[in-house]
Amino acid sequence: MITLKELYRIGYGPSSSHTMGPRKAASLFLERNSQAAHFEVTLYGSLAATGKGHMTDKAILDVLGTARTTLIWQPKIFLSFHPNGMKFKGFDTEGNTTEEWTVFSIGGGALAEEGQQPASQEDIYPMNSGTEILSWCLSTGKSYWEYVKEYEDYSIWEYLEEVWETMKQAVRNGLEHEGVLPGPLGLR
C-alpha cells in the first residue's frame with residue numbers, strides 16, 4: 001500500500017477525477033506552454049457530462065485563465081481509453097498550434113495517457129488489506145495508528161491533521177450554506 005498522503009488528498013469539488021486530475025493536467029500543460037497566447041480544452045464523456053456541476057471548468061480555468069482559454073464540452077463523445085478524457089491545445093499569437101495533448105483523469109487526481117502506464121509509487125506498507133492489518137494489530141497488541149507510525153515518516157501526522165480540519169470545514173460549509181449546485185441538474 002502507498003502512503004496515506006496519496007489516499008487522502010485535499011482538493012476542491014465533489015470529485016477528484018473531475019477537479020484534481022483536470023487541474024493537475026492544466027498545470028502540466030501550462031508549464032510546457034507558458035508562452036501560449038490561447039488555450040483550447042475539450043472535455044469528453046463523463047468530464048463533459050457532469051463537469052460543470054463538479055467544477056471541472058473552474059479547476060482548469062483557475063490554472064490557464066479565463067481570458068485566454070476556450071472550453072469545449074463533448075458529453076456524447078467517449079474516448080476509448082477512459083470516460084474522463086481531455087484534449088489540451090496551445091496556440092501562438094498567429095493561431096498556430098504549439099502543442100496538443102490528450103490525457104485522462106483516472107481517479108484520485110491521477111492522470112494517464114493512452115498506451116502508457118500511469119506512474120506508480122512504491123508501496124511503503126507491507127500489508128495490503130484491512131484483514132491483514134487487523135491480524136497484525138491483534139498479534140502485536142498494537143493499534144492501527146501504530147501500524148501507520150511504523151511505516152510513514154513523522155510528517156504524516158501533520159498532514160492527517162490538515163485533512164481532518166479540511167473535512168470538518170467541508171461539513172460546516174455544507175451545513176451553513178444553501179443554494180443550487182452548479183450544472184444543468186439544478187441540485188439544491
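# Sheet, helices and cores of a predicted chain

Gly-107 stands opposite Ala-110 in strand 5. The model is predicted, so local features are given only at pLDDT of at least 70 and side-chain atom pairs only at pLDDT 80 or more, while totals for chains, interfaces and linings use all residues. Residues are numbered from 1 along each chain as its sequence is written, and side-chain values use heavy atoms, with hydrogens and water left out.

## Overall layout

The chain holds seven helices and five strands. These are DSSP runs numbered from the N terminus, helices being H or I of at least four residues and strands E of at least two. From the N terminus on, the order of elements is α-α-β-α-α-β-β-β-β-α-α-α. The C-alpha trace spans about 65 × 40 × 30 Å along its principal axes.

Of the 188 residues in the chain, 31% are buried. Buried stands for under 20% relative accessible area, exposed for over 50%, and partly exposed for what lies in between (1.4 Å probe, protein chains only). Among contacts between residues at least 6 apart in sequence, 66% join residues at least 24 apart; a contact has heavy atoms within 4.5 Å.

The five strands form an open sheet in the order 2-1-3-4-5, with mixed pairing. Strand 2 and strand 5 are at the edges with a single partner strand each, so one side of each has no neighbour in the sheet. From one strand to the next, the twist averages 25 degrees. Two strands pair if DSSP finds at least two bridges between them. The table lists the pairs.

| Pair | Direction | Bridges |
|---|---|---|
| strand 1 (residues 38-44) and strand 2 (residues 69-74) | parallel | six bridges |
| strand 1 and strand 3 | antiparallel | six bridges |
| strand 3 (residues 85-91) and strand 4 (residues 97-107) | antiparallel | seven bridges |
| strand 4 and strand 5 (residues 110-112) | antiparallel | three bridges |

Glu-40 stands opposite Thr-70 in strand 2, and Leu-43 stands opposite Met-86 in strand 3. Phe-91 has Thr-97 in strand 4 as its bridge partner. Strand 1 is mostly covered, with five of its seven residues buried.

Two hairpins contain a glycine with positive phi. Between strand 3 and strand 4 there are five residues, and Gly-95 in this hairpin has a positive phi near 90 degrees. Between strand 4 and strand 5 there are two residues, and here Gly-108 has a positive phi near 65 degrees.

## Helices on the sheet

Met-86 stands opposite Val-103 in strand 4. Helix 2 packs on the sheet, where it touches strand 1, strand 3, strand 4 and strand 5, and its direction makes about 155 degrees with that of strand 4. Helix 4 also packs on the sheet, touching strand 1, strand 2 and strand 3, and its direction makes about 155 degrees with that of strand 2. Axes here are lines fitted to C-alpha atoms, for helices over the stretch in contact, and angles run from 0 to 180 degrees between N-to-C directions.

## The nonpolar cores

A nonpolar core is a set of buried Ala, Val, Leu, Ile, Met, Phe, Trp, Tyr and Cys residues joined through side-chain atoms within 4.5 Å. The largest has 20 residues, of which Leu-64, Met-86 and Phe-88 touch the most other members. Two or more residues come from each of helix 2 (20-32), strand 1, helix 3 (45-50), helix 4 (56-64), strand 3 and strand 4.

What does Phe-88 contact, leaving aside its neighbours within four places in sequence? Its contacts include Pro-22, Ala-25, Ala-26 and Phe-29, as well as Val-41, Leu-64, Trp-101 and Val-103. A second, separate core has nine residues, among them Leu-4, Ile-133, Trp-136 and Cys-137.

## Helix 5 and helix 6

Helix 5 (residues 130-140) and helix 6 (residues 144-151) pack at about 100 degrees, and their axes are 9 Å apart. Helix 5 is therefore roughly perpendicular to helix 6, a term for angles of 65 to 115 degrees. Gly-130, Ile-133, Leu-134, Trp-136 and Cys-137 in helix 5 meet Tyr-144, Glu-146, Tyr-147 and Glu-150 in helix 6. Six of the residues in this contact are nonpolar, one is polar and two are charged. Nonpolar covers Ala, Val, Leu, Ile, Met, Phe, Trp, Tyr, Cys and Pro, charged covers Asp, Glu, Lys and Arg, and polar covers the others, Gly among them.

## A loop residue

Met-55 lies in the loop between helix 3 and helix 4. Its phi is near 70 degrees, a positive value in a residue other than glycine. Most residues other than glycine have a negative phi. Met-55 counts as partly exposed because its relative accessibility is 22%.

Key. Parallel < 35°, antiparallel > 145°, perpendicular 65-115°, else oblique.
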